[in-house]
Amino acid sequence: MNDALDALLLARWQFGLTTIYHFLFVPITIGMASTVAIFQTAWFRTGKVHYLQLTHFFGKIFLINFAMGVVTGIVQEFQFGMNWSDYSRFVGDVFGAPLALEGLAAFFLEATFIGLWIFGWSRLPRGVHLATIWATAVGTILSAYFIIAANAFMQWPVGFTLNDARGRAELTDIWALLTNKVALAAFPHTLVACFMVAAGLVITIAAWHLSRGRNLDTMRPALKFGLWTMVVAGVLTVITGDQLGLVMVETQPMKMAAAEALYHTATGADASFSIFTWGTPDGVHELFSIRIPYLLSLLSTHSLDGTVEGINQLQAQYVQLYGPGDYTPVIWVTYWAFRWMIGLGALHVLVAVVGLWVTRKGRLPKQRWVWKVAIWAFPLSLGAMIMGWIFTEMGRQPWIVFSLMKTSNGVSPGVTGLTVLISLIAFTLIYGILAVVEFRLVKRAAQKGPDPVEDHQDESGEVAPLTTVY
């Protein structure tokens, strides 16, 4: 019973579940804001009605998702004071700076310009109104960067000094914090992955309508936009992921070793990448494996004869550096999260490539299974991002701040396991209800489709505010 009510374990579960739940909305919000801005720009430049309809249509979905993301994000940040007070005391001076900047970007920049965009359709000049949605998109991107900068400190702490007397890390160089090499590498990778998720949502919605022969004039260009965005963003995700991998090897070699379940240092052909491995948890006996020679060396060092450090050797180094303890992450989680991240993302890109081929020259496939694949493929890229986030956080363990504080030392000392369990159950139930509400709202808006163009105009012919459209 005591193990079941372990405050540390339950606090980790609660933070993990709320973070993943919040993360369901984040990539859609970031990607959809830019998508809506692109559609409105296309209408501004061409005057074509279907771009205006797509702007309003996907604008509804963006706003629904944005509202849910704000609510879940606020709850997530409360946990730093509730369950992780020792962590907050230790890094609050450093961690609070990018979070404050994120709050300014999200709640002032984004909220202000979203309001101007919603109510400014018939009140602002078209160019100024277009600028408001682009400002909103920039705000979502800035918000993402500041969050990534905060997380990067947990991966590779810089820009601080340790105050031994007060027992805390104190910010000394905010520029070093904001230009952390991990943040600079993780940000573009995360951003283009968000565009993949948004593209997947556009593809799914457009395919649903086209499979039923509805709204052909608007959904044909929407589908083509989603397919091309998925392919381009997928390629960029691979490129940026490669750069992030190099930084990860430099800053957290244990994470790369755990991603491959590489227990012993390997060089060249021995530093292979396993597509699938079945063996004992300690890595002593490998029963079955499908491997690509040299690939792990190439990914880790950009060299075919590069050396990749193993878990056992790194564990020995960390014991010398940080004292006795187990510095190995949960290998099966990091190993499979890394592969699911790659596999799900690659599969969604493959779906998009096939989609471009079967819809070339304006064709619409008659086979229903083709449309079903396009519709049900949406979770692929979103799942890939979630797996990537799990890999990033679980691969850092047992550290909550790498090399400075272990996760076990960050939990609130006065919070009991029972207290955390009660809040975990309560939040899970509330989030479950919110998930149903979100799904139904988005589903209803998506299935309704774009409104007729006359519904977007008032009696003078001006474009009506979104409040009347919604």
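User: How far apart in helix α4 are Arg89 and Asp86, in helical turns?

Analyst: Helix α4 covers residues 85-119. Helices here are DSSP runs (H or I, at least four residues), and strands are runs of E, at least two, all numbered from the N terminus. Because Arg89 and Asp86 sit three residues apart in this helix, their separation is about one helical turn.

User: What is the distance between the closest N and O atoms of Arg89 and Asp86?

Analyst: This is a predicted model, where local features need pLDDT of at least 70 and side-chain atom pairs count only at pLDDT 80 or more, while totals for chains, interfaces and linings use all residues. Residues are numbered from 1 along each chain as its sequence is written, and side-chain values use heavy atoms, with hydrogens and water left out. Arg89 forms a salt bridge with Asp86 (a side-chain nitrogen of Lys or Arg within 4 Å of a carboxyl oxygen of Asp or Glu). The closest N and O atoms are separated by 2.2 Å.

User: Is Asp86 buried, partly exposed or exposed?

Analyst: Buried means under 20% relative accessible area, exposed over 50%, and partly exposed in between (1.4 Å probe, protein chains only). Asp86 has 23% relative accessibility, so the class is partly exposed.

User: How many residues apart in sequence are the parts that Glu260 and Arg339 tie together?

Analyst: Glu260 and Arg339 form a salt bridge at 2.6 Å, N to O. Both residues are buried. Glu260 belongs to helix α9 (residues 253-260) and Arg339 to helix α12 (residues 331-358), so the pair ties together parts that lie 79 residues apart in sequence.

User: Which residue forms a salt bridge with Arg396?

Analyst: The N to O distance in this pair is 2.7 Å. Both side chains belong to buried residues. The partner of Arg396 is Glu393.

User: What is the C-alpha separation of Ala257 and Ile311?

Analyst: Ala257 is in helix α9. At 1% relative accessibility, Ala257 is buried. Leaving out residues up to four places away in sequence, Ala257 is in contact (heavy atoms within 4.5 Å) with Leu262, Glu309, Gly310, Ile311 and Leu314. Ala257 and Ile311 are 54 residues apart along the chain, and their C-alpha atoms are separated by 5.8 Å.

User: Which residues does Ile61 contact, leaving aside neighbours within four places in sequence?

Analyst: Ile61 is one of the residues with the most contacts inside the largest core. Its contacts, with those neighbours left aside, are Leu201, Ile205, Val442, Ala445 and Ala446.

User: Which residue is the bridge partner of Phe160 in β2?

Analyst: Strand β1 (residues 160-163) pairs with strand β2 (residues 168-171) in the antiparallel sense, over four bridges. Two strands pair if DSSP finds at least two bridges between them. The partner of Phe160 is Leu171.

User: Which residue takes a positive phi in the hairpin of β1 and β2?

Analyst: Four residues lie between the two strands of this hairpin. The phi is near 65°, and the residue is Gly167.

Definitions and conventions:
Core = buried A, V, L, I, M, F, W, Y, C linked by side-chain atoms within 4.5 Å.
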